[in-house]
Amino acid sequence: MPQATRKDPTMQRAQDKESKRARGALSCAECRRLKLKCDKTVPCSSCKRRGCSSICPNGVLITGQGTRFVLADTEKLHAKIEQMSDRIRSLEDALIILHSTTGVQEPHPLLDRDLLKIKSSLELHAAIQSDSKVKEEEMEDSQYLDAFGTLAIREDGASTFYGRSAGSEVNGQSLKGVQTIREWQQQAAQARGLPTVLSNLSHSFPLPASQPIPDLDYLVDTFLPPWQEASRLCELYLEQAPWFFGAVTQRQLVEEILPMWYTEAPRPAVAPSLNQEGVSVGDRGVDTPPLARSGLGAHDLALLFMVFCFGALTDVNLPAAPDNMQSERYYDLTKVGLNLEGLLDRPPSVATVQALSLMGIYEGMRSGENSIESTWALMGMATKLAQSVLDRDCARWKLPPAEVQKRRALFWELFITDCWQSLATGRLATFSLPFVDCELPYDPDGTISDDGTVQPSFPFWKARFGAECVSAVVQGTLTSRAPKYSIILDLDRKIRDMELPKYAQGPIPEGAGLKETMSCCMPTNYRELTLLYIHRCFFTHAIQSNPTDPIKSQYAPSFLAGYRSACDLLNAVRKQFTMFPAQIARFWVLWTHAFSSTVMISSVVTHGSRSKVAPAALFELKSACELFEQAARHGGRAVKFLPIVQRLLGKAQKVYYDTCNGIPPAIPNDIFRPSNTGSDEISVFSGKTHTVATKAPRTPTARSPGSNGSARSSQSPNGSPSQSHLTTNPSFAEVHPTLVQELNGFEGHISAQLQNA
């Protein structure tokens, strides 16, 4: 037999020492070399302190005079890292060029943002962090999601950005392309009965006029309606202003604006203002000689035309936008009035800001193809100009109390509208609360309830809700990176702790008109809408992470809150539409939010067809489709949303039918199918990073009937938690007690809904 190979005794002893050092039986090699006391842990505290944990326990640093050789090796190491970084950059640039030729819009996996940081040497010069801090930051980073929004790029290079919160707007606008409405504007100009010079002046807005323009007297004498018609249009405007967009209050309209232009208008007890000649503005009228009208401004007339525009738009005896030629005529006259005194040729006034903001809202209501961008641009102009006249509290300059009240009310109306628009588009807001010192307006319409508590009017409650809640949602969710989930839960708690007025929690008064009814309903609408904006991004991630049972996802609170808010918001809009169908159909905001709710509910069926919520969600989706079909008969935004809702319903029914019949679904992430074969509503809706291509425009040739809204309570429970506020679900450990209560009754709610269906 051959003799067994014997190991070298020296090598054997070295291996034994390494084994003992690894077990902590001997001091590490570096401590032994430096004759330091070693605590025999791996790595030992001495090596950690000296920054050489990687060589412990068996490695040693190069010996020499002091640290001369160690530093020399460090310089060589940095030089080598620099060479490798340059090599990595060259390879990344080559990969980017090669990947761009494939036509795939999704970025290459090797070009991930985190992987691109590898070549950076900045981390080498950073202070060494403790292991616990590094681990904590890694856990925090794991809570961030790929949710940067959508960039729509036209073939001519124009681009539009929609942030992660702009789910419904992306589905309704950028995915189907942006088209021009210039042809429609030119064709409609003749039907509005305006002379060519005024039509051209309207279309040039907001640029200064490049041709001779008419004077103010011509507009007043020719286009102001008779007093009876003006009074009727103002009443129609005041029916929607307190609950929809109240840039002009009833007091300002009755006591200031109308007496400027109509001798028949009731005069206030004290004239609103005096001109430089000392003539009362309230004594002027249509029959006043032109010389006396010199103190009136064209922007004041433009504001009056804008009030008439809203009155005509909400007149149920006239067609809905964009076929309402009377409202379009007043809208063109508004732009003419603003162009008589160019926006850039004079300091802004309160009337200028009011007219521009009303124009922005009207662009949304007219349901144009580019209405979102038009509204964004006009509201941006209004809010920027408002910063020079409104965001500092004007009481410090000793203005009259009525003027202070008017400016405060206008500022907070613009503030919350700016917040809503930022959430709807996922873009930055103009106003930031830390830089605002404007006080909340006085509440002249506040009431006292039966128990003696003061109940704010809806405009005052809306201003406070915007300052305390909506602004916090904007700052917490529209950051450069997707927010951590703990921030989402904190915002949810803040919204639920905001108490609703008592009139919003009880039944609507018998025989109430549109203004009173909607003032009772809007606080609940606002709360559910805000919860929708907070949770809908993580709502979709809950479905994607656990499609068979989203309640078991780590984002289960967002799934529950988002689903309940979507259902409650649809039920509220359905109830309001049933009471005032022709009027409600014309208010685009309600239908935009109803559409967002519909997309959320449809995603439960299409991406979680095996979950126990899917049958109830399909029932809700069918009801939503019926609601949009009924509303589309009255015109308005529902007409544009209806085809998308019908497509979502058909897709959801097919997926649910296939699941029930055992037909296997399409394999996700199938490597044998090309990626990005189509735009998925849920991925866009959740704010996932997307780039879509759109076409360039053609060149122009020339709940129960007695309850109000949601049945959920807005007040947090006091005292010790009851059994309904306890749960064993770990995802609900830090949520608001009312959300835990909804979780405990969720299955019963779903079962009852299916039985009633």
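This report walks through the overall make-up of a predicted protein model and then a few of its local features.

## About the model

The structure is a predicted model, in which local features need pLDDT of at least 70 and side-chain atom pairs count only at pLDDT 80 or more, while totals for chains, interfaces and linings use all residues. Residues are numbered from 1 along each chain as its sequence is written, and side-chain values use heavy atoms, with hydrogens and water left out.

## The chain as a whole

The protein chain holds 29 helices and five strands; here helices (H or I, at least four residues) and strands (E, at least two) are DSSP runs, numbered from the N terminus.

Of its 757 residues, 48% count as buried. Buried stands for under 20% relative accessible area, exposed for over 50%, and partly exposed for what lies in between (1.4 Å probe, protein chains only). The accessible surface of the protein chain is about 37,300 Å², and carbon and sulfur atoms account for 55% of that. These areas come from the Shrake-Rupley method with a 1.4 Å probe; for residues, only the protein chains shown count as cover.

## A look around A542

A542 counts as buried because its relative accessibility is 0%.

Leaving aside residues up to four places away in sequence, A542 touches P550, S553, Y555 and F559, where a contact means heavy atoms within 4.5 Å. A542 also pairs up in space with A556: the two are 14 residues apart in sequence, and their C-alpha atoms are 6.2 Å apart.

## Two cis peptide bonds

Most residues other than glycine have a negative phi, and most peptide bonds are trans. With that in mind, have a look at the bond joining V42 and P43, which is cis with omega at about -5°. P43 sits in the loop between α2 (29–34) and α3 (45–49).

Another cis peptide bond runs from A321 to P322, with omega near 5°. P322 is placed in the loop between α13 (298–313) and α14 (325–340).

Although K35 is not a glycine, its phi is positive, at about 55°. K35 counts as exposed because its relative accessibility is 73%.

K398 is found in the loop between α16 (371–386) and α17 (401–425). This residue, not a glycine, has a positive phi of about 60°. With a relative accessibility of 73%, K398 counts as exposed.
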